[in-house]
Amino acid sequence: MGKIARLFKLKGHDDLFAAAPRIVAPCPEVKFLLVGDGIWRERFETRALELGLQKHFVFTGLVAPADVPNLIGIMDAVVHLSRREGLPRALPQALAAAKPIVAYDCDGAAEVCLENETGFLIRPGDLNSLTERIVQLSRDPRLRHDLGNRGQALVKEWFPVEKMVEDLYRVTATFFRR
């Protein structure tokens, strides 16, 4: 399970750590790949040690944007637990790589994380649902494949370069006509 975010408040890492023991118990093979760095890194490394789960957490630190797709490629799913963010870039990136999403239903996440279509939307702070969905994806490769493929199709439809340029042109033209 991967998470791409600064190690900082409002990014939801605390919730992932809170759910981790209940995820690892039925899925002892699970690993959490935390892509990013921040001032809370030491805090989270300490938390993994306190939970006795240090072998389940991998901290990449800061990586170049060009390296993010390779890291997404080794994930089974992407977990996005931010409590405040527009449309996070990590979500369309995950879907483009055919990876399902587990995300808090905040701000722009619902634009691409379509419930039971491309992943699962969870009420912010609902650790029971977070645990349930990560365990479900960990145990069901067919479900991961199906959600990922639908997500990849969505990204191809909604985010082709031509459409994005056309939309940008339309917005810009409307703005400058005022």
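How many nonpolar, polar and charged residues are in the lining of the largest pocket? The lining has 10 nonpolar, four polar and five charged residues. The legends below describe a predicted model, in which local features need pLDDT of at least 70 and side-chain atom pairs count only at pLDDT 80 or more, while totals for chains, interfaces and linings use all residues. Residues are numbered from 1 along each chain as its sequence is written, and side-chain values use heavy atoms, with hydrogens and water left out.

**View 1. The largest pocket and its lining.** The space in this pocket comes to about 390 Å³. Of the 19 lining residues, I4, A5, V68, R89 and Q93 lie nearest the centre. A pocket is an open set of points on a 1 Å grid over the protein atoms alone, where a 1.4 Å probe fits, with protein on both sides within 12 Å along at least five of seven lines; lining residues have an atom within 4 Å of a point. Grid points are joined across faces, edges and corners, and the volume is the space filled by probe spheres set on the points. In the class counts, Ala, Val, Leu, Ile, Met, Phe, Trp, Tyr, Cys and Pro are nonpolar, Asp, Glu, Lys and Arg are charged, and the others, Gly among them, are polar.

**View 2. K99, a buried lysine with no salt bridge.** K99 sits in the loop between α4 (90-96) and β5 (101-104); helices (H or I, at least four residues) and strands (E, at least two) are DSSP runs numbered from the N terminus. Buried means under 20% relative accessible area, exposed over 50%, and partly exposed in between (1.4 Å probe, protein chains only). The nearest side chain of opposite charge to K99 is D76, 5.4 Å away; Lys and Arg count as positive and Asp and Glu as negative, with His and the chain ends not counted. A polar atom of the K99 side chain lies 2.8 Å from the backbone oxygen of M75.

**View 3. The salt bridge between D76 and R144.** A salt bridge is a side-chain nitrogen of Lys or Arg within 4 Å of a carboxyl oxygen of Asp or Glu, and the count by this rule is 10. In the pair of D76 and R144, the closest N and O atoms are 4.0 Å apart. The two residues are 68 residues apart and link distant parts of the chain, with D76 in the loop between α3 (68-73) and β4 (78-80) and R144 in helix α6 (residues 141-158). D76 is partly exposed at 39% relative accessible area, whereas R144 is buried at 14%.

View 4. E115 pairs with R133, with 3.4 Å between the closest N and O atoms. E117 pairs with R150 at 3.5 Å between the closest N and O atoms.

**View 5. Two residues with positive phi, L10 and N116.** Most residues other than glycine have a negative phi. L10, in the loop between β1 (2-4) and α1 (13-24), has a positive phi of about 70°. N116, in the loop between β5 and β6, has a positive phi of about 60°.

Methods: A polar contact is a pair of N or O atoms within 3.5 Å; within protein, one must be able to donate a hydrogen and the other to accept it, and residues adjacent in sequence count only if both atoms are side-chain atoms.
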